[in-house]
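Please read it alongside the sequence and the model.

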Amino acid sequence: MTDSYKYKGLRKELINILRGKGIKDENVLNAILEVPRHYFFEYSFVDYAYQDKPFPIGAGQTISQPYTVAFQTELLNVKKGDKILEVGTGSGYQACILLKLGANVHTVERIKSLYLKAKNFLPSIGCYMKLFYGDGYKGLPAYAPFDKILVTAGAPYIPDDLLKQLKPGGIMVIPIGDSSKYQIMTRIKKISDTEFHKEEFGAFSFVPLLKDKSNE
Ligand code: SAH
């Protein structure tokens with residue numbers, strides 16, 4: 001896997017597109033500039049890596065659209081040293097963006113083939129994080145609490161276990177909705193163990209957050 005001026009140039013163009021769509025956080029834009037998205041694509045599809053579109057990664061899942069990655073990451077307001085739980089590792093791209101922002105990343109994936117692929121691949125491009133195979137609805141109780149939680153699949157409701165695993169003062173970003181077509185991007189701030197503040201940021205389209213583990 002190699003990077004090149006061609007791909008760096010394409011990433012700069014992508015950053016301009018994201019700016020044009022309203023992404024303002026320079027740290028987020030810089031992380032997207034630094035992480036070669038084409039590394040997460042099969043060789044024959046690398047030319048699709050810098051379009052602002054989601055793309056299939058196998059097992060019926062997708063790498064999120066760059067705009068969606070930027071939007072969710074901006075909402076999360078990542079600070080250096082934040083302990084973050086990502087639900088839905090997928091390709092590992094979003095997790096690498098969080099890592100570039102200086103976070104201590106924990107990520108969980110329910111499809112074994114994707115978990116194993118990410119676990120083998122990410123260290124080879126210098127992305128070191130804690131990867132788990134399991135059900136993101138349950139979070140990672142043994143590693144809680146987290147400063148931030150980012151859910152990258154569409155959830156029919158806000159999982160209670162995830163709210164519990166957020167620190168007071170912590171932030172969760174999660175697309176919520178029953179519809180298979182779209183979900184509402186939602187940010188939850190945990191004020192205290194019993195008090196939450198919820199904000200909504202419009203419709204996005206995600207693959208669903210699924211309940212039971214499959215045997216893929
Ligand atoms: N963050 C990913 C996007 C992957 S798409 C990336 O950057 O590539 C969403 C992922 O969530 C899929 O890989 C899907 O398998 C996973 N997923 C769905 N339900 C899940 C659950 N209950 N627990 C953990 N992961 C889940």
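Residue classes are used throughout as follows: Ala, Val, Leu, Ile, Met, Phe, Trp, Tyr, Cys and Pro count as nonpolar, Asp, Glu, Lys and Arg as charged, and the others, Gly among them, as polar. This is a predicted model, in which local features need pLDDT of at least 70 and side-chain atom pairs count only at pLDDT 80 or more, while totals for chains, interfaces and linings use all residues. Residues are numbered from 1 along each chain as its sequence is written, and side-chain values use heavy atoms, with hydrogens and water left out.

1. The largest pocket has a volume of about 520 Å³. A pocket here is an open set of points on a 1 Å grid over the protein atoms alone, where a 1.4 Å probe fits, with protein on both sides within 12 Å along at least five of seven lines; lining residues have an atom within 4 Å of a point. Grid points are joined across faces, edges and corners, and the volume is the space filled by probe spheres set on the points. The lining comprises 35 residues, and Gln61, Thr62, Thr152, Ala153 and Val207 lie nearest the centre of the pocket.

2. By class, the lining of the largest pocket holds 16 nonpolar, 15 polar and 4 charged residues. At least two lining residues come from each of strand 2 (61-63), helix 3, strand 3 (83-87), helix 4 and strand 4 (104-109). Helices (H or I, at least four residues) and strands (E, at least two) are DSSP runs, numbered from the N terminus.

3. Helix 3 (residues 66-76) and helix 4 (residues 93-100) pack at an angle of about 40°, with axes 11 Å apart. Axes are lines fitted to C-alpha atoms, for helices over the stretch in contact, and angles run from 0 to 180 degrees between N-to-C directions. The two helices, helix 3 and helix 4, are therefore oblique to each other (under 35 degrees counts as roughly parallel, over 145 as roughly antiparallel, 65 to 115 as roughly perpendicular and the rest as oblique). Val69, Gln72, Thr73 and Leu76 of helix 3 make the contact (heavy atoms within 4.5 Å) with Tyr93, Gln94, Ile97 and Leu98 of helix 4. These contact residues divide into 5 nonpolar, 3 polar and no charged.

4. Helix 4 also packs on helix 2: their axes come within 9 Å and cross at roughly 120°. That angle makes helix 2 oblique to helix 4. Ala31, Ile32 and Glu34 of helix 2 meet Tyr93, Ile97 and Lys100 of helix 4. The contact of helix 2 with helix 4 has 4 nonpolar, no polar and 2 charged residues.

5. How do helix 1 (residues 5-20) and helix 2 (residues 26-34) cross, and at what angle? Their axes come within 9 Å and cross at roughly 150°, which makes helix 1 roughly antiparallel to helix 2. Arg11, Lys12, Leu14, Ile15, Leu18 and Arg19 in helix 1 face Glu26, Leu29, Ile32, Leu33 and Glu34 in helix 2 across the contact. The residues of this contact divide into 6 nonpolar, no polar and 5 charged.

6. Most residues other than glycine have a negative phi, and most peptide bonds are trans. Ala59, in the loop between strand 1 (55-58) and strand 2, has a positive phi of about 55°. A cis peptide bond with omega about 5° joins Ala144 and Pro145, and Pro145 is in the loop between strand 5 (130-133) and strand 6 (146-151).
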